[in-house]
Amino acid sequence: MELSLICVRQIAVMFLLVALGFLCGKIKLLDKETNSKLSGFVLEVVNPVLIFMSYQQDFNIDLLFGLALSVGLGFVSYGMMILLLAFLYRKDRSDEGRVEQFAAVYSNCAFMGIPLINGLFGAEGVFYLTGYVTVFNIMVWTHGVISFGGKEQKTSLKKVLTSPAIIATILGLVTFLLRPLLSGIPFPAFVNAAVGVIFSAAEHVGGMNTPLAMLCAGVTISQTVIGEYIGNPRIYRAAFLRLIVCPVLFWLVFRWFPIPHMVFMVVIAAAGCPAAATGTMFAIRYKKCPEMAAVIFAVTTLLSAGTLPLMVILGSL
């Protein structure tokens, strides 16, 4: 019951934020051009800051092991889905197919996953989740960009690997690993104060990630004739792949391995989250059916109220 309440609460918060974006779009407070710029701001500034701040934890060797395991499982989980979808969509090169595949592979593992895992396992579980979220960001800014941008993006892979999100991931991991060394250095009081102010500001910036991402999705939905998409079988195929196939496939493969229970539960919960809001923002940027991406995001979020608790229960069997 507690798990269901956590899921329902997060979904309710998301839909209220999306509704605000929908209203702003309908009254023309935010137009299509502004929404595009806002989504770029989220992807290039807010999201990288959030990634960096997720690593600002006290160093612990057991945490490091669990984090590394979470990262490894994350790469395998995404790899399995990418290969499966490459086979299923091998003849589909349409923009709709790209949107559908992205939604099926990438979950809203941070916003949905963090409060869910915090309610189940506390701060330690959330820290392990950052490993999976790190893999999400690496994959989104490499495979995701290439899949959305098309063949021309393959020539700019170096640019993708030096994107703000990937740089933030590297810097965050380095600061986590160096924390024992840095904590033993007696820095002057003004340096500690300055770092505290910077980190406080960064926390505020990172905190904008969820509301702004939901706002962008809401504005996009406001510009969509939902009736044209709600009966589209692609929407429900993406939802089935995202909410059922991905977590069940992970469970079937890894339930036989001696993986610590908490790490296993964290990853299966993250794998079972609804479609990532990043998909809508990428669709806006690359002009690849953003309306369809927004509808998939909304539908999978709504359906996850029933599927996500079931997937977590499955993982505990």
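Trainee: Is Y106 buried or exposed, and how is that read from this structure?

Mentor: One reads the relative accessible area, and a residue counts as buried when this value is under 20%. In this predicted model, Y106 has a relative accessible area of 0%, so Y106 is buried.

Trainee: Which residue forms an aromatic pair with Y106?

Mentor: The partner is F102, and the pair is tilted, with 4.7 Å from centre to centre and 45° between the planes. F102 is also buried, with a relative accessible area of 4%.

Trainee: How many residues make up the largest nonpolar core, and which have the most contacts inside it?

Mentor: A nonpolar core is a set of buried residues joined through side-chain atoms. Here the largest one has 98 residues, and those with the most contacts inside it are Y78, Y106, Y132, W141, F282 and I296. Helix α5, residues 113-149, supplies the largest share of this core, namely 15 residues.

Trainee: How many aromatic pairs does a search of the whole structure find?

Mentor: The search finds 12 aromatic pairs. One of these joins F52 and F199, whose ring centres are 6.1 Å apart.

Trainee: Why is the pair of F52 and F199 called edge-to-face?

Mentor: The angle between the planes decides the name, and planes over 60 degrees apart count as edge-to-face. The planes of F52 and F199 stand at 90°, so this pair is edge-to-face. The pair also links distant parts of the chain: F52 lies in helix α2 (residues 32-54) and F199 in helix α8 (residues 189-206), 147 residues apart. F199 has a relative accessible area of 26% and is therefore partly exposed.

Trainee: Where does a charged end sit over a ring?

Mentor: The charged end of R90 sits over the ring of F87, at 4.3 Å from the ring centre. A further case is R255, whose charged end sits over the ring of W256, 4.4 Å from its centre.

Trainee: How many salt bridges does the count give?

Mentor: The general idea is that side chains of opposite charge can pair when their charged atoms come close. In this structure the count comes to five salt bridges. One of them joins D95 and K288, with the closest N and O atoms 3.7 Å apart. D95 lies in helix α4 (residues 95-105) and K288 in the loop between α13 and α14, so the pair ties together parts that are 193 residues apart in sequence. D95 is partly exposed, at 28% relative accessible area, whereas K288 is buried, at 16%.

Trainee: Which residues are linked in a network of salt bridges?

Mentor: The network links E100, R234 and R237. The side chains of R234 and E100 meet at 2.8 Å, N to O. R234 lies in helix α11 (residues 233-254) and E100 in helix α4, so this bridge ties together parts 134 residues apart in sequence. E100 is buried, with a relative accessible area of 0%. Its salt bridge with R237 has the closest N and O atoms 2.5 Å apart. R237 is partly exposed, with a relative accessible area of 40%.

Trainee: Which residues make the nonpolar surface patch of about 590 Å²?

Mentor: The patch is made by I170, V174, L178, L181, L182, I185 and F187. Among them, L182 lies in helix α7, residues 164-183. L182 counts as partly exposed, at 38% relative accessibility.

Note on methods:
Residues are numbered from 1 along each chain as its sequence is written. This is a predicted model: local features need pLDDT of at least 70, side-chain atom pairs count only at pLDDT 80 or more; totals for chains, interfaces and linings use all residues. Side-chain values use heavy atoms; hydrogens and water are left out. A nonpolar core is a set of buried Ala, Val, Leu, Ile, Met, Phe, Trp, Tyr and Cys residues joined through side-chain atoms within 4.5 Å. Buried means under 20% relative accessible area, exposed over 50%, partly exposed in between (1.4 Å probe, protein chains only). Helices (H or I, at least four residues) and strands (E, at least two) are DSSP runs, numbered from the N terminus. Rings of Phe, Tyr and Trp (its six-membered ring) pair if their centres lie within 6.5 Å; planes under 30 degrees apart count as stacked, over 60 as edge-to-face and the rest as tilted. A charge sits over a ring if NZ of Lys or CZ of Arg is within 6 Å of the ring centre and within 35 degrees of the ring normal. Patches are made of residues with over 30% relative accessible area and no salt bridge: like charges are joined within 9 Å, nonpolar side chains (Val, Leu, Ile, Met, Phe, Trp, Tyr) within 5 Å. Accessible areas come from the Shrake-Rupley method with a 1.4 Å probe; for residues, only the protein chains shown count as cover. A salt bridge is a side-chain nitrogen of Lys or Arg within 4 Å of a carboxyl oxygen of Asp or Glu.
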